[in-house]
Amino acid sequence: METRVLTDGGVTLSTPVPEDVDTITEACQDPAITEWTTMPAPYARSDAVRFVGDIVPAKWARGYPDWAIRTTDGGRLCGMVGFVDRGDAGPEIGYWVAPDARQRGLAAAAVRLACDFAFSPEGMGAWRIEWRAFVGNRPSRRLLDVPDSGSRVSRDTG
Ligand SMILES: CC(C)(COP(=O)(O)OP(=O)(O)OC[C@H]1O[C@@H](n2cnc3c(N)ncnc32)[C@H](O)[C@@H]1OP(=O)(O)O)[C@@H](O)C(=O)NCCC(=O)NCCS
């Protein structure tokens with residue numbers, strides 16, 4: 001799949017580039033990110049180098065996007081959103097936002113853009129999207145309750 005840039009005018013999703021490595025590394029020192037996701041912990045700069053240089057291009061090639069979440073005005077990486085292959089369950093969405101960029105609706109906007117792309121026949125053509133979270137991750141669940149944000153995302157808090 002060709003990489004794609006998505007935007008709603010305020011938030012832009014684009015593939016992470018080598019210049020993002022230090023920002024990703026710094027953000028992923030946040031204990032909440034390593035606690036509530038399956039990312040490496042502790043998170044090293046080499047993890048970010050491998051993610052940007054190897055993992056993201058390989059996933060796009062297989063039709064599973066990963067995007068940097070950027071504010072359209074500044075362009076700085078504020079987080080990541082993407083999908084992993086869960087076979088018949090459909091693509092599973094995952095995301096994180098850097099601590100200093102939270103509570104501004106960035107994750108909600110990014111999830112909305114990513115899910116619209118996943119469901120679109122011109123995007124991934126998915127018929128369902130999987131969402132999973134560790135029990136107790138209320139911030140992650142709450143953002144899916146924002147109107148029109150991932151309203152078709154399946155929920156399983158078990
Ligand atoms: C979960 C996570 C991605 C949320 O990111 P976020 O950018 O703060 O999320 P949002 O700002 O979109 O939504 C958070 C809150 O802002 C509110 N919000 C939405 N749009 C808003 C806006 N324009 N202005 C202000 N607040 C807004 C949401 O309603 C939500 O309200 P809440 O405080 O009742 O929860 C972030 O906390 C995180 O990275 N956590 C660690 C990693 C993680 O858990 N990933 C998910 C694994 S399943």
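Contact here means heavy atoms within 4.5 Å. The model described is a predicted one. Its secondary structure comprises five helices and five strands, arranged along the sequence as β-β-α-α-α-β-β-β-α-α. By the contact criterion, and leaving out residues up to four places away in sequence, Asp20 touches Thr15, Arg70 and Leu77.

**Overall dimensions and surface**

- Along the principal axes, the C-alpha atoms occupy a box of roughly 35 × 35 × 30 Å.
- Of the 158 residues, 47% are buried.
- The accessible surface amounts to about 8300 Å², and carbon and sulfur atoms account for 51% of that area.
- When contacts between residues at least 6 apart in sequence are considered, 59% of them link residues at least 24 apart.
- There are 18 positive and 22 negative side chains, and 4 Å separates the centres of the two sets.

**Asp8 in the β1–β2 loop**

- Asp8 belongs to the loop between β1 (6-7) and β2.
- With a relative accessible area of 42%, Asp8 is partly exposed.
- Beyond its neighbours within four places in sequence, Asp8 is in contact with Ala109 and Leu113.
- Asp8 and Arg45 are 37 residues apart along the chain, and their C-alpha atoms are separated by 31 Å.

**Backbone geometry in two loops**

- The peptide bond leading from Ala41 to Pro42 is cis, its omega being near 0°.
- Pro42 is located in the loop between α2 (31-36) and α3 (45-61).
- Gln103 has phi near 65°, which is a positive value in a residue other than glycine.
- The loop between β5 (92-97) and α4 (106-119) contains Gln103.
- Gln103 counts as exposed because its relative accessibility is 78%, and the exposed category applies over 50%.

**Gly82 in strand β4**

- Gly82 is part of strand β4, which spans residues 77-84.
- A relative accessibility of 5% places Gly82 among the buried residues.
- Apart from neighbours within four places in sequence, the contacts of Gly82 are Pro65, Asp66, Glu92, Ile93 and Gly94.
- The C-alpha atoms of Gly82 and Val56 are separated by 9.4 Å, the two residues being 26 apart along the chain.

Definitions and conventions
Residues are numbered from 1 along each chain as its sequence is written. This is a predicted model: local features need pLDDT of at least 70, side-chain atom pairs count only at pLDDT 80 or more; totals for chains, interfaces and linings use all residues. Side-chain values use heavy atoms; hydrogens and water are left out. Helices (H or I, at least four residues) and strands (E, at least two) are DSSP runs, numbered from the N terminus. Buried means under 20% relative accessible area, exposed over 50%, partly exposed in between (1.4 Å probe, protein chains only). Accessible areas come from the Shrake-Rupley method with a 1.4 Å probe; for residues, only the protein chains shown count as cover. Lys and Arg count as positive and Asp and Glu as negative; His and the chain ends are not counted. The place of a charge is taken as NZ of Lys, CZ of Arg, CG of Asp or CD of Glu.
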